[in-house]
Amino acid sequence: MSDFPALPYPWQQSLWQSFYQQLLDNRLPHAVMLAGPRGLGKRHFARVMAQYLLCQSPRSESACGHCKSCELNKAGTHPDFALVTPEEPGKAIRVDDIRALAETQGKTAQQSGYKVVVLEPAEAMNNNAANALLKTLEEPAQKTLLVLVTDAPSAVLPTIRSRCQIRSLAIPSAEQSLHWLTPLVSGTDYNAKDLLVLARGAPLRARDLVHSDALEQQQSWLNDIGRLTLGQADAINVAAQWQKGDVTEQVNWLISWLHDLTCWQVGAEVPHIEQLDTAIKQTLHTMQPALLHRFQEKLLSCKKRLASGANPNKQLLLEELLMDWGVLLKNRQLRS
Ligand SMILES: [Zn+2]
């Protein structure tokens, strides 16, 4: 681990202070749920908490980095720390993993301090796993901390949520994010502001976009939507192109596109819409807000379905959504 001991990100300072105060006051709960949009460093913060709790001579701001516990943590071999994740991203956390966890929870800590378990993403537990975890939460062992990390708290069993102290991370102010992000992306072809907008304000996501083709991808989606809007492209062909990529990302993009479009219609400044051809903008301007709103609801329910592990036919799903876009355009023409 290069950044050992891990420190909270600047926008996590108040979260850190409240954790630190709870520890000083001996009021640390048995289970904490770190919830909030992705790209805010929730998993990182869980690591900060774990390293701190396991350290034998912690400082006020961080773990010492030198004691035996820190050495074990650094090597990733601390016997009192466990990370529970799915075997592969997108798969479920299995009941066996939770049972193994319950067993270790029952034993005394080997380094005579805390025992910490980080479970993420918490929404990936299947029903059996969630019910098994519930038992652990009902009979918490002394000096143990369970940290559940999730982007989708509403997808976690309510009985589990209610047994955790929920710590919500919110999108930091643009000023704070830019202060952190700008030096990290200087010298690249990217502008920190553009990245932050594209990442919906999440600083770590914005940083990671530099190493992805997200900006080019956004341009290519915009071109496709533009051509569909002018009737120069066919929904089935565009869907065939799109289905080669990540459908969840495309649905997310459509959701944010619709959001931007409705804001732009009422006068907000949206640079990537402003830069479109005049003919496209004229068409977009006359689209019916109520219909856009209905389409947005459909997209959100699609997103929910995809997040719950549904595995629809990608081509059909995208065809349907892009044809809906065509229907919205047609209704505009009938009305105007
Ligand atoms: Zn230490």
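Let's start with a quick one: does Arg 200 count as buried, exposed or partly exposed? Arg 200 counts as partly exposed, because 15 C-beta neighbours lie inside 10 Å. The cut-offs: a residue is buried if 20 or more other C-beta atoms lie within 10 Å of its own, exposed if 12 or fewer, and partly exposed in between, with C-beta atoms placed from the backbone.

Two points on ground rules. This is a predicted model: local features need pLDDT of at least 70, side-chain atom pairs count only at pLDDT 80 or more, and totals for chains, interfaces and linings use all residues. Residues are numbered from 1 along each chain as its sequence is written.

Now the overview. The protein has 336 residues, and 30% of them count as buried. Its C-alpha atoms fill a box of roughly 75 × 45 × 30 Å along the principal axes. The secondary structure comes to 16 helices and five strands. Those are DSSP runs, numbered from the N terminus: helices are H or I with at least four residues, strands are E with at least two.

Domains next. Domain 1 covers 10-168, domain 2 covers 174-211 and domain 3 covers 213-335. These bounds come from an automatic or database domain assignment. Taken over C-alpha atoms, the centres of domain 1 and domain 3 are 39 Å apart.

Residues 24 or more positions apart account for 74% of them. A contact here means two C-beta atoms, placed from the backbone, within 7 Å.

Now the sheet. It is open, has five strands, and its order is β2-β3-β4-β1-β5, with parallel pairing. β2 and β5 (165-168) stand at the edges with a single partner strand each, so one side of each has no neighbour in the sheet. From one strand to the next, the twist averages 20 degrees. Strands pair, by the way, if DSSP finds at least two bridges between them.

Let's go inside, to β3, residues 115-119. Five of its five residues are buried, so the rest of the structure largely encloses it. In a regular strand, side chains alternate between the two faces of the sheet. Here both faces are covered: Lys 115, Val 117 and Leu 119 are buried on one side, Val 116 and Val 118 on the other.

What are the neighbours of β3? On one hand there is β2, residues 81-84, paired in the parallel sense over four bridges. Ala 82 has Val 117 as its bridge partner, and Val 84 stands opposite Leu 119. Then there is β4, residues 144-150, parallel to β3 over five bridges. Val 117 stands opposite Leu 146 there.

How do we get from β3 to β4? Through helix α5, residues 127-138, in a right-handed β-α-β unit. Right-handed means that, with the strands pointing away from the viewer, the path from the first strand over the helix to the second runs clockwise.

β4 is enclosed too. Seven of its seven residues are buried, so the rest of the structure largely surrounds it. Thr 144, Leu 146, Leu 148 and Thr 150 point one way, Leu 145, Val 147 and Val 149 the other. β4 also pairs with β1, in the parallel sense, over five bridges. There, Leu 34 stands opposite Val 149.

Helix α2, residues 42-54, lies across β1 (31-35), β2, β3 and β4, at about 170 degrees to β4. Axes are lines fitted to C-alpha atoms, for helices over the stretch in contact, and angles run from 0 to 180 degrees between N-to-C directions.

Last, the backbone. Most residues other than glycine have a negative phi, and most peptide bonds are trans. So, the exceptions. Phe 4 and Pro 5 are joined by a cis bond, omega about -10 degrees. Pro 5 sits in the segment before α1. Glu 120 and Pro 121 are also joined by a cis bond, omega about -5 degrees. Pro 121 is in the loop between β3 and α5.

Asn 26 has a positive phi, near 60 degrees, and sits in the loop between α1 and β1. Asn 26 is exposed, with 6 other C-beta atoms within 10 Å. And back to Arg 200: phi is positive there too, about 55 degrees, in the loop between α8 (192-198) and α9 (203-209).
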